[in-house]
Amino acid sequence: MKFKQFMRLQGFGASVFMGIFYAVAMLLIFLLGYTALPGNMDELKVALVNDDKGEAGTQIAEQLAESLPFEITTNISNEKALDKLGDNKYALVIHIPEDFSESAQKGQSAQIDFTVNEASATMVASSMNSVVTEINNQLSASFSTQTAKGVLLNMNVPEEQADEIAKQIEDAYVGNYVIMNDVPDGMHNNMLPMFLTMACYVGAMIAAMQLVQAYNQSRSKASKAKLFGYVQLSALIIAIVSSIFAVGIAFLIADLNTDVIFQVYGQQVLLYMVAFNFCAIFTFLIGEAGMILNIPVLLSQTIANGATMPREMMYSYFDVVSYITPMYHSVQSYSAVMFGSTDQAPFLWGLVAVGVGAVLINALIVTLLHKKQPIEPSPVVSK
């Protein structure tokens with residue numbers, strides 16, 4: 001066989017098509033999706049709580065509200081704001097305590113609390129850290145200048161008080177950076193919810209292609225309903241077994257509390273079944289070619305899963321994808337269990353809803369679109 005003949009084979013043409021298709025799909029999805037960073041930062045919400053009725057607190061609150069490039073909420077209590085921060089409704093909570101102006105007037109340290117939820121999208125946590133650092137630098141410089149002016153008005157200061165005055169200038173303002181839901185150090189910990197989800201999803205996607213292929217090959221040997229049940233049972237067995245290995249590796253490498261191991265394992269099994277049925281929709285519909293559609297959907301979810309950016313920053317397409325696909329619900333549920341104080345239940349129910357919808361769609365495809373085939377009689381085994 002010559003190379004020209006080899007090039008005419010179906011496998012060669014299919015490989016060329018897949019190489020071009022996935023390169024184009026991946027680059028288009030990733031590059032377009034990530035243009036939202038940092039352009040859509042102004043979509044993030046920040047709570048600014050001013051409990052100080054004095055002039056200093058009011059002035060700083062007004063300045064922050066005008067200068068920060070975010071959607072600012074002011075008419076909220078600190079307790080409620082922190083609750084919403086735990087649910088990732090806010091990216092940052094700035095709290096000016098009620099004794100702020102009084103402390104500043106007395107020459108004591110005037111403190112502002114900046115609270116960030118580390119169990120949130122990585123882009124949000126890192127960006128808020130930079131924002132708080134910049135605010136603190138500006139306020140510290142401003143307070144030092146004001147304190148220095150007060151000192152200059154009293155030039156006849158005894159030399160022995162110089163050190164005390166210098167310290168007063170240095171400590172005129174203190175920015176208190178508070179971390180909610182502290183995530184252990186290391187990118188592997190921060191990204192674990194996404195890694196666990198993606199590992200499970202990719203395995204389920206490949207299984208969907210293989211098990212549906214087995215279903216099609218067995219159409220003449222059993223009824224559609226029975227084969228559909230076999231496919232689901234096979235997926236469940238794979239989910240139970242593969243999840244043991246996935247969760248075991250996660251707990252060996254990452255810094256996780258063993259108290260949540262059964263919750264994580266249970267969700268991994270659930271996620272596998274949901275992802276399997278979600279990916280099987282395309283393979284039940286158009287066969288092996290369904291992988292051509294499954295890959296772009298997978299790539300879209302790597303942006304829409306909320307690990308890197310929250311829904312507020314996503315473009316409309318990715319925002320919609322986050323609701324109707326499994327990954328967003330899984331990543332947020334894992335984050336709630338592993339690191340967060342927020343309730344896991346809404347995300348689990350979202351995952352269940354996607355799974356139930358996928359199973360129903362697959363059942364309808366099998367029932368309505370797959371033609372009934374005559375079942376071959378089983379060979380008689382002579383005794």
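Predicted model: local features only at pLDDT ≥ 70, side-chain atom pairs only at ≥ 80, totals over all residues.
Residues are numbered from 1 along each chain as its sequence is written. Local features need pLDDT of at least 70 and side-chain atom pairs pLDDT 80 or more, while totals for chains, interfaces and linings use all residues, and side-chain values use heavy atoms, with hydrogens and water left out.

**View 1. Isoleucine 76 in its loop.** Look for isoleucine 76 between β2 (71-73) and α5 (78-86); helices (H or I, at least four residues) and strands (E, at least two) are DSSP runs, numbered from the N terminus. Isoleucine 76 counts as buried because its relative accessibility is 13% (buried is under 20% relative accessible area, exposed over 50%, partly exposed in between, with a 1.4 Å probe and protein chains only). Beyond neighbours within four places in sequence, isoleucine 76 is in contact with Ala47, Val49, Ala81, Lys84 and Tyr90 (contact means heavy atoms within 4.5 Å).

View 2. Gly57, Ile60, Ala61 and Leu64 are the buried residues of α4. Down the helix axis they fall within an arc of 100°, so they line one face of α4 (the arc is that of the directions from the axis to the C-beta atoms). On the face turned away from that buried side sit the exposed residues Glu55, Glu66 and Ser67.

**View 3. Where α10 (residues 192-217) meets α15 (residues 326-338).** Among the residues that meet here are Leu192, Met194 and Tyr201 in α10, and Pro326, Tyr334 and Met338 in α15.

Key
Axes fitted to C-alpha atoms, helices over the stretch in contact; angles between N-to-C directions.
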